[in-house]
Amino acid sequence: RLATRFWKGGFEERLVESMRSELGTERVVAVLALAETIGYLPMEVSLAFVKNKRAWEALENACRFDGKFGRNLNKRQLQREKEMGPQGAAKALCCVTRICHRGQVLDGQITNLKTPVLPGKLAVKVVQRGIVSTFIEAAFSPEDMIATEALQGLAQMSRLKDCRQLILQHPRGLDLARESMASPVGNKVCHAMLLVLHLLWDTEWRAPILEISPPIEETTVLWGQYCMKLIYELAYSTREKSDLAVDEIMARAGTPGVTIEDTTTALRALSMNKEPSWLELESAKCFHEMRNNMLTRSLLLMSTLYHAGHERLMAVDVYHFASCCLDLPYDDAYGAAMNVLNNTMALIGGAPPAYFLDPEHVITSLVNKMGRMSNPTGNNSMIVLGLVTKLYLDSRWKTHWESVATQCELWRSIIQDLLPSLMMRMGPGNSLGSMHHSPASIPRSEVIGLGGSVNSACLDPSNKLQSCSNCGKLEGKKGEYGLCAGCNKISYCGRDCQRSDWKRHKKECKNK
């Protein structure tokens, strides 16, 4: 209530005036204030800001950086503007992305296995305001901070069908996907992976993306392997440092003058001040480095690239890549690795053990995960059970299952007792059984993604933007296309299209 009262008390007007300033320093402060404030406002107030023509134009203009600066600046002021100009545009792009985040819905219909994050009303309205083309141009900026923020925004807005259509018809739409995936900047590639993942939901995008050179699966696996290497190195170095410190404390414990209390205090201090442990690597302290995020997105993108065909996926050793991620203690990465294996194996009706470097490692990872399931009906649990079902019913894996069962009592109990009873209870209409279908045979509205199919809210157009009745091009901003003056029902992108379509349309137009 306090934020709303402050906002309506004149703060919005002052922010808009500051965002319209020629000085980059003033724009940066205003955009930062807007980004922090917008999250505390009620949804209707945020929506009113997006609908406010003057306010939105100020924010959209702040997203653009043309390298020009205000007049009558001294040398020091000009240097300051050169530093703050790109930063102001990057913060403005980030602010629009935050607005799109507001109102996103987490789909909890686990039984339907739909994509978890759905766009909200604010994201729909932002796309209608014509911001997509601004973000596309910003994504090609030579300033990495601007390009990165633009790609992040496009990755979020591309959950909407309208946004993906606007990127497709943009003259540089395909270049956007190609160049961002080929970037040497990790943060840009991370956001590009999510963007390409969303683009692959549409059949119109699949052929162009699969023709990108170098092949998109090669780029994805290389970045995934790089992130996985960093995570493993951090885990092992952390464990080694901790073990050495413990050994040093225990070695001093037997020396004269060192009491048990001193040793206990030293061990307690070590546990409080140590670097992140293996199970803490997903914490906020490490997350900002994008290692975990990029690894998860690379796996998710590989799970969608089954359209490329089994041979292309085998060329990048997709089975080995996914199986190496099974030991990571991150639910998102684990679930994404399960999706990669599920979708790739479905292309050929199941993979033989020879496709894996260590087949028993795959089984032990799955069995260990089953033993730690806290929510058997959860998203990742359903994916794990689906893959377990495939491998357990495949006779080629029988000897490996039997070998694993002899190595541990818990594994023996799960393999010989739990799994047979689970197979007996599974009916043909069970959601686990539905995972056996080939992805190629699944309709477009049920494309497999994170946790299963894609929600229709991400696949259907909003019907808020008009399409040209002649060429089919979608308007970039609501109200951009004019309606036929005769019937006032259909729209055109310009007079040329209206003339071309007149022979067909004049029969149904009221003004004959």
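Is Arg 14 buried, exposed or partly exposed, and what is its relative accessible area? In this predicted model, Arg 14 lies in helix α1, which covers residues 2-19, and the residue is partly exposed because its relative accessible area of 49% falls between the limits of 20% for buried and 50% for exposed. The C-alpha atom of Arg 14 is separated by 8.5 Å from that of Ala 30, a residue that stands 16 residues apart from Arg 14 along the chain.

**Two helix pairs**

Two packed helices are described by the angle between their axes and the distance between the axes. The table gives these values for two pairs in the model.

| Helix pair | Axes come within | Crossing angle |
|---|---|---|
| α7 (residues 132-139) and α8 (residues 144-157) | 7 Å | roughly 140 degrees |
| α10 and α11 (residues 186-199) | 8 Å | roughly 140 degrees |

Helices α7 and α8 are therefore oblique to each other, and their crossing is left-handed. On the α7 side, the contact involves Val 132, Phe 135, Ile 136, Ala 138 and Ala 139, which meet a set of α8 residues that includes Ile 146, Glu 149, Leu 151, Gly 153, Leu 154 and Met 157. Sorted by class, the residues of this contact comprise 11 nonpolar, one polar and one charged.

Helices α10 and α11 are likewise described as oblique to each other, and the crossing of this pair is left-handed. Leu 176, Ala 177, Ser 180 and Met 181 form the α10 side of the contact, while α11 contributes Lys 188, Val 189, Ala 192, Met 193, Leu 195 and Val 196. The contact of α10 with α11 has eight nonpolar residues, one polar residue and one charged residue.

The buried residues of α7 are Val 132, Thr 134, Phe 135, Ile 136, Ala 138 and Ala 139, and they pack against α4 (53-62), α5 (75-101), α6 (121-128), α8, α9 (161-169) and α10 (173-181).

Note on methods:
Residues are numbered from 1 along each chain as its sequence is written. This is a predicted model: local features need pLDDT of at least 70, side-chain atom pairs count only at pLDDT 80 or more; totals for chains, interfaces and linings use all residues. Side-chain values use heavy atoms; hydrogens and water are left out. Axes are lines fitted to C-alpha atoms, for helices over the stretch in contact, and angles run from 0 to 180 degrees between N-to-C directions. Helices (H or I, at least four residues) and strands (E, at least two) are DSSP runs, numbered from the N terminus. Angles under 35 degrees count as roughly parallel, over 145 as roughly antiparallel, 65 to 115 as roughly perpendicular and the rest as oblique. A crossing is left-handed if the near helix is turned anticlockwise from the far one by less than a right angle, and right-handed if clockwise. Contact means heavy atoms within 4.5 Å. Ala, Val, Leu, Ile, Met, Phe, Trp, Tyr, Cys and Pro count as nonpolar, Asp, Glu, Lys and Arg as charged, and the others, Gly among them, as polar. Buried means under 20% relative accessible area, exposed over 50%, partly exposed in between (1.4 Å probe, protein chains only).
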